[in-house]
Amino acid sequence: MIEVRLPHTIFEDLGESVRLIWRRTLYADFEKDELKRVLGRKYRVFPDISVRDGALIIDTDYPEIEKYIVIYIQNNLGALLRNRYTKRKVLYVHEGMDVPLLGYNAFGLIDRGTNLIQVRGVSGCNMSCIFCSVDEGPYSRTRKLDYVVDVDYLMKWFDYVARIKGKGLEAHIDGQGEPLLYPFSVELVQALREHPNVRVISMQSNGTLLNDKLVEELAEAGLDRVNLSLHSLDPEKAKMLMGRKDYDLQHVLDMAEALVNAGIDVLLAPVIIFGINDNEAEAFIEFARMIGAGKRWPALGFQNYIPYKFGRNPTITKLVPFKKFYEWLRELEMKTGMKPLVLKPHHFGMEKREFIPLAFRPGEIVKAEVVLPGRIQGEMLAKARNRLIEVISTDAEVGDRIKVRIVRTRHGIYIGTPV
């Protein structure tokens, strides 16, 4: 009897297949019959395959089988890897692929002309918020795959950006979805904490994937603040807004308190949809006070809902102009004494810094190599001048060399159309 265990991995028995769960958030399914055929071709044995206590069990004592099956799994893992929460195929981006980590919105690094650098190691989300600006989550109608960036490769590019941007940086871990789907969250925080140019490490999160152990690990790694996406304190309303019947509001509230107790500051970040949850504003403020949020930074960051072209824009929403929204915030400040609610960059120590120089000009035509499929239909990712370009409305394939007209360069995010 051979028992196979791999680092950061547990196995589950699905009957006709075996599921490998890697680092909590990723999985790959291996058909038992295929594993038997592989062993049969190599060793002329066809053992029963099962799972026990998270280990892969192979019913044979034939020598060298354990080493062989481990190599087989490792060699085939990349092609089978999927996101546990979206069930979408995952592309694992690593240094050997030579894919730039500047230029695209879904993964990599984003510079918006300040000392805050957005760090995006993963795409995808475990929630399906009804107001999601990028149509993320398990019920997305447009997103067709996810990305995971190797943590060492991500830090290599972060170091490149940090040397340009200087010291006193805030590394903000966020993404088009839930950053804690990243399988290397703790390792990323540790690496950022060790970087000499980083002053603050913050993270955006909906809090659902936190647990006591992970909170302690993130605290020990050096995480300073979590901007917690919490949109209602009513359990049923919260489920509706998060788009999930299994959303556990009490767990998220418990984790908010656990973060504060572990020394990680919390900023509650509700998206306010007038007519739906604006009447909970004072309850949010009271909860923030109760748990001790906002020790180093503001305790609340109310956000005004606005529709997005490619987002989910529910018909129940009531749009409020930003002028009126800020008046509402000032009235809350006066009524509750909670300040600041109208947030400014200086509340977070943000300051303007020179942008990383643009690689392309709007209207410019460049030759580029297609290196990855994009997240939506008709989108591919191409590289040129050590930057990624999101090429839209294209039927190009990976490996093609194409001409692209640059149509958008805002904040170093490049969008192009085929010529």
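This is a predicted model: local features need pLDDT of at least 70, side-chain atom pairs count only at pLDDT 80 or more; totals for chains, interfaces and linings use all residues.
Residues are numbered from 1 along each chain as its sequence is written, and side-chain values use heavy atoms, with hydrogens and water left out.

**Exercise 1. Classify the ring pairs Tyr 104 with Tyr 147 and Phe 284 with Phe 302, and say where the rings sit.**

Step 1. Grab the rule: rings of Phe, Tyr and Trp (its six-membered ring) pair if their centres lie within 6.5 Å, and planes under 30 degrees apart count as stacked, over 60 as edge-to-face and the rest as tilted. Searching the whole structure turns up 18 aromatic pairs.

Step 2. Tyr 104 and Tyr 147 are 6.1 Å centre to centre with 90° between the planes, which is edge-to-face. Tyr 104 is in the loop between strand S8 (89-93) and strand S9 (108-111), while Tyr 147 is in strand S11 (residues 145-149), 43 residues apart. Helices (H or I, at least four residues) and strands (E, at least two) are DSSP runs, numbered from the N terminus.

Step 3. Check burial, where buried means under 20% relative accessible area, exposed over 50% and partly exposed in between (1.4 Å probe, protein chains only). Tyr 104 is buried at 4%, and Tyr 147 is buried at 0%.

Step 4. For Phe 284 and Phe 302, the centres are 6.2 Å apart and the planes at 65°, so this pair is edge-to-face. Phe 284 is buried at 0%, and Phe 302 is buried at 7%.

**Exercise 2. Which rings have Arg 19 and Arg 225 over their faces?**

Step 1. A charge sits over a ring if NZ of Lys or CZ of Arg is within 6 Å of the ring centre and within 35 degrees of the ring normal.

Step 2. Arg 19 lies over Tyr 27, 4.0 Å from the ring centre. Arg 225 lies over Trp 297, at 4.8 Å from the ring centre.

**Exercise 3. Describe how H1 and H2 pack.**

Step 1. Helix H1 (residues 32-43) and helix H2 (residues 65-80) pack at about 125°, with axes 11 Å apart. Axes are lines fitted to C-alpha atoms, for helices over the stretch in contact, and angles run from 0 to 180 degrees between N-to-C directions.

Step 2. H1 and H2 are therefore oblique; angles under 35 degrees count as roughly parallel, over 145 as roughly antiparallel, 65 to 115 as roughly perpendicular and the rest as oblique.
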